[in-house]
Amino acid sequence: MMAGRLSFRNITALAPMVRVGTLPMRLLALDYGADVVYCEELIDIKMAQCHRVVNEVLETVDFVAPDDRVMFRTCEKEKDRVVFQMGTADPDRALVVARLVENDVAAIDVNMGCPKEYSTKGGMGAALLSDPDKIEAILRKLVTGVSIPVTCKIRILPSLEETIGLVRRIEKTGVTAVAVHGRFKDERPRHPVHCDYIQAVSQAVSIPVIANGGSLDLVKTNKDIEEFRKATGASSVMLARSAMWNPSVFSSRGPLPVEEVMEDYLKYAFRYENHAFNSKYCLCQMLRDKVESPLGKQLQAAQTNAEISEAYGMKEFYQQIQERLQAKRDSLQSCIQPDRPVMDGDVTTMAVKFERREYPAHITPKMFLLEWSRREKLEQPQYEVVQRAQDRAFQAVVTLAEKKYRSTLWEKSKKFAEQAAAVVCLRILGIPEGRIGEEDSGLISKRKRDEKMTNGTTEEDEASIKRRSTESYQETENLESEAAVANGNHHEPNTPPKRP
């Protein structure tokens, strides 16, 4: 095997598990002694729509869907030991996804063993076991199309002869290893694992065979891993539920007290801003029969990472992490040159952050843009706001005279995002924005509107000015309220993030 390529001989691995194999669990398993970690199965159709983003704040690489959900997050610490598992039934689409991630992972794996409907209904997972020609087409496409090892994970077929025949066909595609879950497609975790099938497969091929399925009866402690390896004759062992319940099973000292393990897990979950719902799920698996304990009930009631930190007595640690991450964000934003417009499709963008302290109490960029548009007899500016799921930050696009403007920076509140978009528009158009110290632009402020009313205006003018004054006042009131939320002086309702 080429130097630097991941080896699958004589290893212990964290198995791919939906909702469990996210970054915090993978890093924790590596800390405890796992040699290789698999991510949860990610569907090719969803991944093919993602774009790769370097997250400088978290120091991660994120693969982000069009709706801003982070589908896969990884980091340098696991780069040479993480295996990306995909669900696919299409060779071409599989290659698109593999090439998207190949520079950030150590190997590519194809799921051919999941019996759940969400996987099989699209012809993926265990559905592939009945179509060996498609299995061969997918694997050959990947092996010849990427520069990193390709593997697959299967279940055993109804007969030993069929199972050995399939694995031999798989070997001929050039894959580096094959993981064998020693259960039939219709069997579930309560059924005993068929070690004899795995043993026969191990003897029939020359590539490493990774034994999987021993968590029910055979692997409860670290010492049991070697016994399972011997019972199956496999080169390596992959653990799912025993690692989900307590990932310290990978440690020679393991398993450690679950309370200690959960705290170690949360340190990674907070550090990498893992979704609260995902963290809750993983912690509940570790609690097992204690999920109805006082701690379990407090965990289930928690809706945010902050509330989870309180349940585990880690509030101070969580706050320190948040302060560190915010300082990193501020530092990165201060280094961005704000005065260079860039076209993003049909939207003109600039890196602008709205700073409320830079404007008088009753003046905002949105007010200036509104007044200017009225003076020029243009339609009122229109704002569209989106919220990013991973950190609930906001970004806005303002449309004026059929042109769109947006700041590339994300804001803590909807109103601040709209103000930032207004600033971009004003600066591109060369219009004053109302900052403290700016020369009087002649645009009508609230004070000047009031002066006009007292200096003799028609009733129609008076009514119009009063309406505009009310709009401006309401804008200021809303902005000040949003500023309070952004600064932590007001309780913002919790909006649960979307699940990854």
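Guide: Let us begin with the rings. Rings of Phe, Tyr and Trp count as a pair if their centres lie within 6.5 Å, and planes over 60 degrees apart make the pair edge-to-face. The model before you is predicted. A search of the whole structure finds eight aromatic pairs.

Visitor: How is the geometry of such a pair described?

Guide: A pair of aromatic rings is described by two quantities, the distance of the centres and the angle of the planes. Take F72 and F84: their ring centres are 5.2 Å apart and their planes stand at 75°, so this pair is edge-to-face.

Visitor: Where in the chain do F72 and F84 lie?

Guide: F72 belongs to strand 6 (residues 70-75) and F84 to strand 7 (residues 82-87). The two residues are twelve apart, and the pair links distant parts of the chain.

Visitor: Is F72 buried or exposed?

Guide: Buried means under 20% relative accessible area. F72 has 2% relative accessibility, so F72 counts as buried. F84 is likewise buried, with a relative accessible area of 0%. Ring pairs also join F63 to these residues, giving a cluster of F63, F72 and F84.

Visitor: What is the geometry of the pair formed by F184 and Y197?

Guide: That pair is edge-to-face, with 5.5 Å from centre to centre and 90° between the planes. F184 sits in the loop between strand 10 (177-181) and helix 7 (195-204), while Y197 is in helix 7, 13 residues apart. F184, at 18% relative accessibility, counts as buried, and Y197 is buried at 12%.

Visitor: Which charged end sits over the ring of Y272?

Guide: It is that of R271, 4.4 Å from the ring centre. In another case, K366 lies over the face of Y383, at 4.5 Å from the ring centre.

Visitor: Let us turn to pockets. How is empty space found?

Guide: A probe the size of a water molecule is rolled over the atoms, and this shows where empty space is left. Here, the second largest pocket has a volume of about 670 Å³. It is lined by 29 residues, of which P16, M17, K116, R155 and A240 are the closest to its centre.

Visitor: Which helix gives the most to the lining of the second largest pocket?

Guide: Helix 9 does, with three residues. Strand 9 (150-155), helix 9 (241-245) and helix 11 (276-287) each supply at least two residues of the lining.

Note on methods: Residues numbered from 1 in each chain as written. Predicted model: local features only at pLDDT ≥ 70, side-chain atom pairs only at ≥ 80, totals over all residues. Heavy atoms only, no water. 1 Å grid on protein atoms, 1.4 Å probe; cavity = no way out; pocket = protein on both sides within 12 Å on 5 of 7 lines; lining within 4 Å. Points joined across faces, edges and corners; volume = space filled by probe spheres on them. Helix = DSSP H or I, 4+ residues; strand = E, 2+ residues; numbered from the N terminus. Phe/Tyr/Trp six-rings, centres within 6.5 Å; stacked < 30°, edge-to-face > 60°. Buried < 20%, exposed > 50% of the residue type's maximum accessible area, 1.4 Å probe, protein only. Lys NZ or Arg CZ within 6 Å of the ring centre and 35° of its normal.
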